[in-house]
Amino acid sequence: MNPVWTILFAPLAATVIITVFTQRWKMLSALVSVAAILLSFAFTLGLFWAMYSLSKQPDHEVLSVPGPSIHWLVIGEVVRIDFGAIVDRLSILMLLVVTGVGSAIHVYSLGYMKGDEGMSRYFACLSLFTFSMLGIVLSTNFIQIFIFWELVGVSSYLLIGYWFEKPSAAEAGKKAFLVNRIGDFGFMLGILLLWGHARTFDFVELQKILPTLGLSSGTLTLIGALIFCGAVGKSAQFPLHVWLPDAMEGPTPVSALMHAATMVAAGVYMLCRVAWLVLPSPEALLLIAWIGGVTAIMAATIAVAQNDIKRILAYSTLSQLGYMVMAVGLGGPTQAMFHLTTHAFFKALLFLCAGSVIVALHHEQDIWKMGGLWKKTPITFITFLIGTLALAGVWPLAGFYSKDEILLLALKQNQPLFAIGVFTAGLTAFYMGRELFVVFCGQPRDHHAYEHAHESPAVMTGPLVLLAIFSIIAGWAGEVPHFLDPHEEVVHSNLGYLLLLVPVAGFVLSAAIYWKPVPSDAPMQASLGGGWTLIQNKYYIDEIYLWIVKYVQGTIAAICEWFDIWILQRLGIGGLSVGTGLLGRTVRLLQTGSISDYAFFFSIGVTVIIYYVVVK
Amino acid sequence: MTSAITLNDYLAISGLLFALGIAGVIIRRNVLVIYMALEMNLNAANLALVAFSKFNKLPEGQILVFFIIAIAAAEVAVGLAIIVALFRRNQTVSVDDLKTMRL
């Protein structure tokens, strides 16, 4: 069997084995799932090494090798859908991220989920999630990617609502699924529109024939924008970002997986995969870039005023995804993938650290009830510090290089977006500094919880340390962009070092406000006033959506209900039945039961018949 | 002056008898009387048939009349039996009291 199939199907096999056979033995189920992703990871490493050594040979720049493919669905001459695996630099990089970060998260879950009732179900869903994401990465055509796209939606629903007995978790799962569906609808329309013009779903074929189709720029923009809709939903861009912070209701490792390797990365990956589709349309690119920029700054400002340790991280993910989408919109899919890769490491790291803190404090998530934890959980503190510095983009950690590339691209292409990007970078450092100082420094606020706090076991800290190492080195030497595109010249501009002042300023500001024995939001509240309330309530976007649902959609529903009840049910069906009944009652009056009456009617009838037959 | 009895005279009598029979069926309340009125209808038809048979010099009319008489006799047996059964059950032979055949 082709090794690519092993990578793809090992997690699915784990899901099946757990569901069918080993559900009763929790630890065994967990180990099956971990073994599956480690197997995928090992095969991916082999694939990567093969590709890497090929690319090192002079004059031998292999961009892709033919992957396995089967004809999956053939309808006449018109529709041909393959089920294949695309093996090129982009997909191998993404496979590395998904299986590598995924492996760390799986191992971490062994510790985090220990003793949970539904551990088998958790690991089955986790494997299904991984399988779906690998499917997206390896897809060779739009139908295949759409199927796995929806599978990711389903498995995320299962995992966000994992603690389904908690109403907020069940609601969050539902919200994630529904909001995603809105984006997916646009995605599907885009796929169908594209197929209507090109008559094929295959990425490679499409890329080849797209310039020959002679599509008008309006059509191209529409297709690009519709396909982008899918990414807006999955990658949680404004205005469909509302599901991601709520998705924090799931177990913390799930948040880590969702924010780093799967789900939200899927949207950006898909955009990079079909970059040739949006690149010819300046309008679509502009739309994508601005959506990304708006998401980046909006999420960063919201993150400043949140109190939940995971929610702050969730908004920072939104903000970083905004950067990636902005990079695609500025014509730099390579830069977007670079940032996605580095971000996967440090965001997974940050979430797992948050999980470690939450476990240490017995499921306390409010940062104001923490404090002074650096003494109690030193490994978590140090790795969290590394993750924070990497996210803020401090030299020489991974985030510095990838964010730098995006900002340089923005400076060249679109100066307003560059300004937004720089400001967001400062905000990132500020809110991450706030979280760091409030959680780990100062005096412990909740003494009871503090006394019982303890460092997590090795099965949890191991992945933390590993991810921390990668968060440091993933950006070095520009290996990632060079691997993606050998012609890409990695420019180390001095401007990057100048930009370093921005996160440093953010850190200094947050240290001045929050690095105290008893930190509080009071200075921020005082200086921002009404603005603070605004960002604390996330710009009231959820409330606006609720209002729209309640009044606009509610009114339409009421009209439909009225029409259904009064026109269809009462007038249509009810009218017919009442009319028939009345007719029956009227005719029944003739049936008197008296023989004389019958004889009378009978003779009248006969007379009439005779009259017509004989006389006329 | 003897004027011959024509076909029309027979048919007039026959029609009269038939009308009387119908009127009896409709007006009278006693089941036995209604039954007798029905017999009158049959015999009105018999009279017409015999008259046609005689004036057209065709035997089929008379043959048909014998059939009618025979079947009427059988019918009387069945009908009277039903009436007796009806009387035993309801203790009445008035059609005003026999209105159970309705909703």
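**Exercise 1.** At roughly what angle do the axes of helix 2 of chain B and helix 3 of chain B cross, and within what distance do they come?

*Solution.* The model is predicted. Take helix 2 (residues 31–56) and helix 3 (residues 60–90), both of chain B. Their axes come within 9 Å. They cross at roughly 175 degrees. Angles over 145 count as roughly antiparallel. Helix 2 of chain B and helix 3 of chain B are therefore roughly antiparallel to each other.

**Exercise 2.** Find residues on each side of this helix contact, then sort the contact by class.

*Solution.* Start with helix 2 of chain B: its contact residues include B:Tyr35, B:Leu42, B:Leu49 and B:Phe52. Turn to helix 3 of chain B: among its partners are B:Leu64, B:Ile68, B:Ala72 and B:Ile83. Now sort: the contact divides into 13 nonpolar, 5 polar and 2 charged residues.

**Exercise 3.** Check the span of helix 3 of chain B, then its burial.

*Solution.* Helix 3 of chain B has 31 residues; at 1.5 Å a residue, they should span 45 Å. The end C-alpha atoms are 43 Å apart, which agrees. Next, burial: the number of buried residues is 0, so helix 3 of chain B lies largely in the open. Just after this helix, B:Gln91 takes a positive phi of about 55 degrees.

Methods:
Residues numbered from 1 in each chain as written. Chains lettered and ligands numbered in written order. Predicted model: local features only at pLDDT ≥ 70, side-chain atom pairs only at ≥ 80, totals over all residues. Axes fitted to C-alpha atoms, helices over the stretch in contact; angles between N-to-C directions. Helix = DSSP H or I, 4+ residues; strand = E, 2+ residues; numbered from the N terminus. Parallel < 35°, antiparallel > 145°, perpendicular 65-115°, else oblique. Contact = placed C-beta atoms within 7 Å. Nonpolar A, V, L, I, M, F, W, Y, C, P; charged D, E, K, R; others polar. Expected span 1.5 Å × (residues − 1). Buried ≥ 20, exposed ≤ 12 C-beta atoms within 10 Å, placed from the backbone.
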